[in-house]
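Please keep the sequence and the model in view while reading.

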Amino acid sequence: MAFTLYSLLQASLLIVNAVAVLHEERFLRHVGWGSDQGIGGFGEEPGIKAQLTNLIRSVRTVMRVPLIALNSITIVLLLLFG
């Protein structure tokens with residue numbers, strides 16, 4: 001298998017899928033990355049943990065419908081071209 005642009009896009013799609021399916025109560029809270037943890041005070045810069053949990057929450061919210069379309073296109077392309 002050669003390293004092509006398509007395989008790079010497919011790998012990034014798999015990573016976004018993995019982030020999108022992380023469940024906050026089942027997985028993230030047990031690890032210590034729940035939504036109630038890492039809340040700073042007013043005017044404080046949020047830490048890396050708070051920024052990553054916001055990124056995960058944003059990916060789940062924004063990318064839900066586009067991921068369905070991208071996954072469908074990827075499946076059709078794999079069925080057609082192997």
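This is a predicted model: local features need pLDDT of at least 70, side-chain atom pairs count only at pLDDT 80 or more; totals for chains, interfaces and linings use all residues.

Residues are numbered from 1 along each chain as its sequence is written, and side-chain values use heavy atoms, with hydrogens and water left out.

The protein contains four helices and zero strands, and its pattern along the sequence reads α-α-α-α; helices (H or I, at least four residues) and strands (E, at least two) are DSSP runs, numbered from the N terminus. Of its 82 residues, 17% count as buried, where buried means under 20% relative accessible area, exposed over 50%, and partly exposed in between, with a 1.4 Å probe and protein chains only. The protein exposes about 6,500 Å², of which carbon and sulfur atoms supply 70%, the areas coming from the Shrake-Rupley method with a 1.4 Å probe. Among contacts with a separation of 6 or more, 67% join residues 24 or more positions apart, a contact being heavy atoms within 4.5 Å.

An unreviewed UniProt entry annotates residues 62-81 as "transmembrane region", although such annotations may be inferred rather than shown by experiment. In the model this span is 95% helix and 0% strand, and its end C-alpha atoms lie 30 Å apart.

How do helix H1 and helix H3 pack? Helix H1 (residues 5-20) meets helix H3 (residues 48-62) at an angle of about 100°, with the axes 8 Å apart, the axes being lines fitted to C-alpha atoms over the stretch in contact and the angles running from 0 to 180 degrees between N-to-C directions. H1 is therefore roughly perpendicular to H3, a label that covers 65 to 115 degrees. Val16, Val19 and Ala20 of H1 form the contact with Ile56, Val59 and Arg60 of H3, and these residues divide into five nonpolar, no polar and one charged, with Ala, Val and Ile among those counted as nonpolar and Arg among those counted as charged.

Two residues are set out here with their surroundings.

Technical notes:
Angles under 35 degrees count as roughly parallel, over 145 as roughly antiparallel, 65 to 115 as roughly perpendicular and the rest as oblique.
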